Amino acid sequence: MKLLTKLTPLAAILLLSFGATSVQAEEKKDPLSISGFIDMSYYATDTDGGESTHDAGLDQVEINVGYDFGNKLTANVDIEYQNADEGVDLEQAFITYALTDNFSVKAGRFLSYSGWETEEPTGLFQYSGTGYAKYFYGYYQQGVSGLYSGDKFAVAVSVVNDLAGPDSTDSEHPGIETMLALMPTDEITIKGFYSKDGDVELINTWASYSKDALTLAVEYNTAEDSAFEGSDASGYLVMANYTITEKFGLTLRYNDWEIEDESGAMFEDATGITISPSYVVNDNLLMVFEYRMDEVNDVDVNSFAVEALITF
């Protein structure tokens, strides 16, 4: 896997000036690619009227292995470690075959295309995700997915055993995830997803604008039956990231979501404001700092994090 794809978006932009492009070009020549990351952090929370927590340690280690057979067939395997309970496990493993220059098919266990915020810390602009991905995004899935990529657009259809079931092998009642992506200019990306699995229905839409040092993003989601049977959920985020210097960046984010039960009664009502400076120490080490203020069902929760993210 290429170096830039494993860095955070902020670090990737900054490291272009350090010659990362030449490294990427060299890696394309080797059919075997090995990359990964080590993620560790200090994380503290203070709940109004409740307890405070302080945790520090290793969050995740991941090794990504890719191989290009040179005949339009590639294979990818990701191995990860998160904690003693989960141990070492296979995160995803899939093969991809390019039928044409524009159309490819992949099969195996892979991550859903949906969602602005990525599952891995290397794809985030800050330390934490909003917390609503489990209600609105797909997750690791097993199945088959076709992707057509045009000049200004892309279309994908995935048929999977479960929208959020990496271990699910029951294909009797498959779920479907569809994607339409539009890239009208180099700076603007708009994506929309519709996913259906039985009574579970997910709609995820997001748009981003990225030019020079500035990245802006907005996302809106709705879901039915994703939290529990009869649930009705909606949520959104707005985010801005600015690269202040080659070393320093700053992310601001606001998120909001609510879940109602079948009777219309509020089950979960949450908002959050995130302030996250970051500092690129060198080509391999990114430090991310985060202060976050959440209100969940009228309870205030403040949190603080320091993250060291090492990519290789």
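Colleague: With which side chain does the side chain of glutamate 177 make a polar contact, and at what separation?

Modeller: A polar contact is a pair of N or O atoms within 3.5 Å; within protein, one must be able to donate a hydrogen and the other to accept it, and residues adjacent in sequence count only if both atoms are side-chain atoms. Here the partner is the side chain of glutamine 141, at 3.3 Å. This is a predicted model, in which local features need pLDDT of at least 70 and side-chain atom pairs count only at pLDDT 80 or more, while totals for chains, interfaces and linings use all residues. Residues are numbered from 1 along each chain as its sequence is written, and side-chain values use heavy atoms, with hydrogens and water left out.

Colleague: Where is the place of glutamate 177, and is the residue buried or exposed?

Modeller: Helices (H or I, at least four residues) and strands (E, at least two) are DSSP runs, numbered from the N terminus. Glutamate 177 has its place in strand 8, residues 175-182. Buried means under 20% relative accessible area, exposed over 50%, and partly exposed in between, with a 1.4 Å probe and protein chains only. Glutamate 177 is buried. A salt bridge is a side-chain nitrogen of Lys or Arg within 4 Å of a carboxyl oxygen of Asp or Glu. Glutamate 177 has none, and the nearest side chain of opposite charge, lysine 106, is 7.9 Å away. For charge, Lys and Arg count as positive and Asp and Glu as negative; His and the chain ends are not counted.

Colleague: Which residues does glutamate 177 touch, not counting residues up to four places away in sequence?

Modeller: Contact means heavy atoms within 4.5 Å. Among the residues touched are Ser112, Tyr113, Gly138, Gln141, Leu163 and Phe193.

Colleague: How many salt bridges does the structure hold?

Modeller: The structure holds four. In one of them the side chains of arginine 253 and glutamate 117 meet at 2.7 Å, N to O. This pair links distant parts of the chain, 136 residues apart: arginine 253 is in strand 13 (residues 248-260), and glutamate 117 is in the loop between strand 5 and helix 3 (133-136). Both arginine 253 and glutamate 117 are buried. Lysine 196 and glutamate 201 also form a salt bridge through their side chains, at 3.9 Å, N to O. Lysine 196 is partly exposed, its relative accessible area being 34%.

Colleague: How many helices and strands are there in the protein chain?

Modeller: The protein chain has three helices and 16 strands. Its radius of gyration is 20 Å, close to the 20 Å that the globule rule gives for 312 residues, so the chain is as compact as a globular protein of that length. The radius is taken over C-alpha atoms, and the rule is 2.2 Å times the number of residues to the power 0.38. Buried residues make up 40% of the 312 residues. Of the contacts between residues at least 6 apart in sequence, 49% join residues at least 24 apart.

Colleague: Is leucine 202 buried or exposed?

Modeller: Leucine 202 is buried, with a relative accessible area of 6%. Its place is in strand 10, residues 200-211, and its contacts beyond four places in sequence include Tyr135, Phe136, Leu163 and Thr222. Alanine 107, by contrast, is partly exposed at 27% relative accessible area. Alanine 107 lies in strand 5, residues 103-111.

Colleague: Where is lysine 72 found, and what is its phi?

Modeller: Lysine 72 is in the loop between strand 2 (52-68) and strand 3 (73-81). Its phi is positive, about 75°, although lysine 72 is not a glycine. Aspartate 225 likewise has a positive phi, near 65°, and lies in the loop between strand 11 (214-224) and strand 12 (232-243).
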